[in-house]
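This report describes two sites in the structure shown below.

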2 protein chains.
Amino acid sequence: MSQQPAARAAVIKDVARLAGVSHQTVSRVLNDHPSVRDETRERVLRAVQQLNYRPNALARGLAGRRSRVIGVVSFDTILHGPAATLLGIERAARHAGYGISIVALERLDRSGVVEAVNRLAEQSVAGVVIIAPLLTAAAAAGSLPAGVPAVVVESDMAGDLPTISVDQVAGARLAVEHLLELGHETVWHLAGPKDWLEARDRVDGWRASLEAAGRRVPPVLAGDWSPRSGYEAGRELAERGDVTAVFCANDQQALGMLRALHERGVRVPEDVSVVGFDDIPEAAYLSPPLTTVRQDFDEVGRRCLAALLELLGVDRPLGVPRHPRVPPSLVVRASSGPPPAR
Amino acid sequence: MSQQPAARAAVIKDVARLAGVSHQTVSRVLNDHPSVRDETRERVLRAVQQLNYRPNALARGLAGRRSRVIGVVSFDTILHGPAATLLGIERAARHAGYGISIVALERLDRSGVVEAVNRLAEQSVAGVVIIAPLLTAAAAAGSLPAGVPAVVVESDMAGDLPTISVDQVAGARLAVEHLLELGHETVWHLAGPKDWLEARDRVDGWRASLEAAGRRVPPVLAGDWSPRSGYEAGRELAERGDVTAVFCANDQQALGMLRALHERGVRVPEDVSVVGFDDIPEAAYLSPPLTTVRQDFDEVGRRCLAALLELLGVDRPLGVPRHPRVPPSLVVRASSGPPPAR
DNA sequence: GCCCCGATTGTTATCGGTCACATTCATGGG
DNA sequence: CCCATGAATGTGACCGATAACAATCGGGGC
């Protein structure tokens with residue numbers, strides 16, 4: 001009548017009983033409260049082990065008004081960038097002892113973001129990271145429910161929320177300057193979708209670099225990240241004779257472009273140089289291997305988490321720079337070379 | 001002294017007070033309990049709206065011993081397959097009213113999987129989905145802590161846990177039969193890593209199809225999913241004169257192979273046909289566009305969730321087949337054609 | 001007209017922790 | 001030798017919901 005088959009998991013009381021202390025003392029041990037005698041602490045820890053006790057996160061969160069879970073609002077994680085960012089955040093969170101809960105958005109509009117954050121808030125997440133690469137989403141970040149600590153990734157107009165992102169402008173500059181140094185007169189640009197912030201920043205960086213060098217700025221070609229749009233732009237460029245260098249806003253577009261150029265008999269890099277952005281795993285194995293700009297998504301994840309923890313009043317992990325702009329780097333491969341001699 | 005600036009979110013008692021009922025009645029309304037008068041229900045719902053009340057998921061989970069969160073153990077979500085699977089699960093979960101919590105694994109060994117599931121169990125998830133494409137992980141699934149409902153994806157030896165996966169053997173058969181129908185004598189195979197179940201099944205399917213057709217079975221080429229391994233295998237094949245068709249275990253390997261063949265002046269599909277697996281977004285824009293086998297990851301997600309809900313004793317969503325093997329489909333593009341005339 | 005029953009609603013315990021405060025005990029200053 | 005002090009520990013309230021059970025009310029059967 002009093003003994004049970006012990007089917008369910010141990011709770012704090014079981015540990016207390018076994019260790020011969022009160023449940024509160026167990027709680028103190030679990031949270032490294034200073035005033036617990038060493039001998040007592042060890043007795044408790046022994047009981048914890050013996051029962052294979054794991055504190056219930058729900059109860060902890062409910063009582064302590066802080067959970068060890070971080071919410072992530074993500075979008076289009078099939079794309080390499082968002083997927084890698086998500087993974088970087090998960091990794092950083094895990095190291096800091098946090099779990100992560102995700103909500104993927106189908107469309108990135110204001111109400112979607114707000115709704116997603118609400119769903120996460122319902123779960124009492126400690127804070128949220130919003131991967132908001134679109135202008136619309138960035139705007140939404142301003143109208144979030146108060147009281148939820150939030151940081152935003154890949155966005156630079158998120159009201160007063162802390163923002164972490166790769167320095168897209170610098171990335172574009174790396175690409176353009178690389179091509180100019182090779183001797184190209186000017187560099188064309190196949191942009192990403194206009195409502196993506198990263199796309200906008202890369203356009204800005206591209207234009208600024210050309211202007212700084214006093215070069216002619218060709219019209220911007222419009223793309224949508226897809227290989228198809230790169231392919232179409234490639235056909236267009238192949239028609240003209242005056243293009244020697246193209247900077248594509250991402251690697252998939254560059255891939256489509258390589259295909260179009262190849263189809264038209266335009267040689268890369270002999271006739272036209274192509275540079276991409278992202279360094280997707282395939283980049284090194286395209287024909288020809290793609291020169292591209294690499295982004296350090298793990299670093300983005302680390303800085304996000306550091307910023308969020310700071311907002312939560314927890315110590316920042318050591319060694320993570322506070323600067324919100326993560327520097328990208330150029331990876332030179334075979335798709336870029338000097339312009340054809342005339 | 002009694003009025004507060006109402007800074008914090010409303011809780012069930014606030015709703016009860018405003019609606020003039022007990023908190024229990026509010027709870028009944030929230031959970032569609034039948035015996036609540038319509039008039040009362042409406043009054044409560046009005047109060048809910050007015051206060052913008054959202055029930056606290058932690059408290060709910062604690063009291064009701066069931067949370068509306070599903071845990072996902074994932075691995076290598078940079079790869080297209082795992083990323084798409086994760087997204088499919090998230091989508092299905094969201095539709096069923098569940099949130100998802102993820103733990104990404106760095107290595108897919110037994111203790112890693114067990115630890116991950118424990119971390120999720122700590123959060124009292126309703127159940128877990130383990131994306132376990134490796135043999136080691138599948139084995140681990142057997143030694144999970146009891147009491148956590150779990151289903152496994154892309155694995156077929158998970159003890160007695162329900163398993164959902166794409167029918168890899170059928171996929172391989174589609175690829176091989178397509179090539180044989182085109183007139184090829186036999187089909188070579190560039191496999192994935194030996195410890196991946198999907199890789200093993202694709203090898204099995206490839207071999208079985210060839211044997212069923214009474215064809216010679218060439219030696220298996222070893223790959224590791226990377227474009228590099230495809231590239232290396234491609235160089236090797238280019239050396240031999242007798243290869244007319246290759247079935248690559250994934251699109252990235254096919255990509256590397258296309259590059260190697262192109263470099264060696266081997267024309268695709270005139271000299272050699274290449275078929276991939278996955279239908280990554282880039283596949284349609286390679287040179288030439290890649291014939292490949294498409295997997296329906298959304299369907300995988302839906303079936304996973306349906307199986308898990310069934311385990312939880314909740315109604316299966318309607319219209320989701322119970323069958324654990326999701327059929328893949330062949331996407332024919334330009335990389336496959338008849339063998340060269342001799 | 002009385003009693004039983006089902007529909008509706010309220011009261012109290014409970015989930016598994018943390019927090020605030022009380023209690024106990026040994027120590028050291030006056 | 002007494003009391004203030006602080007370290008170590010225990011007690012009970014509480015977080016915000018659901019579960020179990022009690023209470024109330026109106027109507028049908030005898």
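Which helix gives the most to the surface near DNA strand D? In this predicted model, helix 4 of chain B does so, with five residues. At least two residues of that surface come from each of helix 2 (23-30) and helix 4 (57-64) of chain A, and likewise from each of helix 2 (23-30) and helix 4 (57-64) of chain B.

Of the 28 residues around DNA strand D, those that come nearest are Thr25(A), Arg28(A), Thr40(A), Ile12(B) and Ser27(B). Sugar and phosphate make up 62% of the atoms of DNA strand D that come within 4 Å of the protein.

| Residue | Protein atom | Atom of DNA strand D | Distance |
|---|---|---|---|
| Ser22(A) | backbone N or O | phosphate oxygen | 2.8 Å |
| Arg28(A) | side-chain N or O | base oxygen | 2.6 Å |
| Tyr53(B) | polar side-chain atom | phosphate oxygen | 2.9 Å |

Asn250(B) counts as buried because its relative accessibility is 4%, and buried means under 20%. Its side chain reaches the backbone oxygen of Trp225(B) at 3.2 Å and the backbone nitrogen of Gln253(B) at 2.9 Å. Beyond its neighbours within four places in sequence, Asn250(B) is in contact with Arg202(B), Trp225(B), Gly276(B), Phe277(B) and Asp278(B). Asn250(B) and Ala191(B), 59 residues apart in sequence, have a C-alpha to C-alpha distance of 8.2 Å.

Definitions and conventions:
Residues are numbered from 1 along each chain as its sequence is written. Chains are lettered from A and ligands numbered from 1 in the order in which they are written. This is a predicted model: local features need pLDDT of at least 70, side-chain atom pairs count only at pLDDT 80 or more; totals for chains, interfaces and linings use all residues. Side-chain values use heavy atoms; hydrogens and water are left out. Buried means under 20% relative accessible area, exposed over 50%, partly exposed in between (1.4 Å probe, protein chains only). Contact means heavy atoms within 4.5 Å. A polar contact is a pair of N or O atoms within 3.5 Å; within protein, one must be able to donate a hydrogen and the other to accept it, and residues adjacent in sequence count only if both atoms are side-chain atoms. A residue is near a molecule or strand if one of its heavy atoms lies within 4 Å of it. Helices (H or I, at least four residues) and strands (E, at least two) are DSSP runs, numbered from the N terminus.
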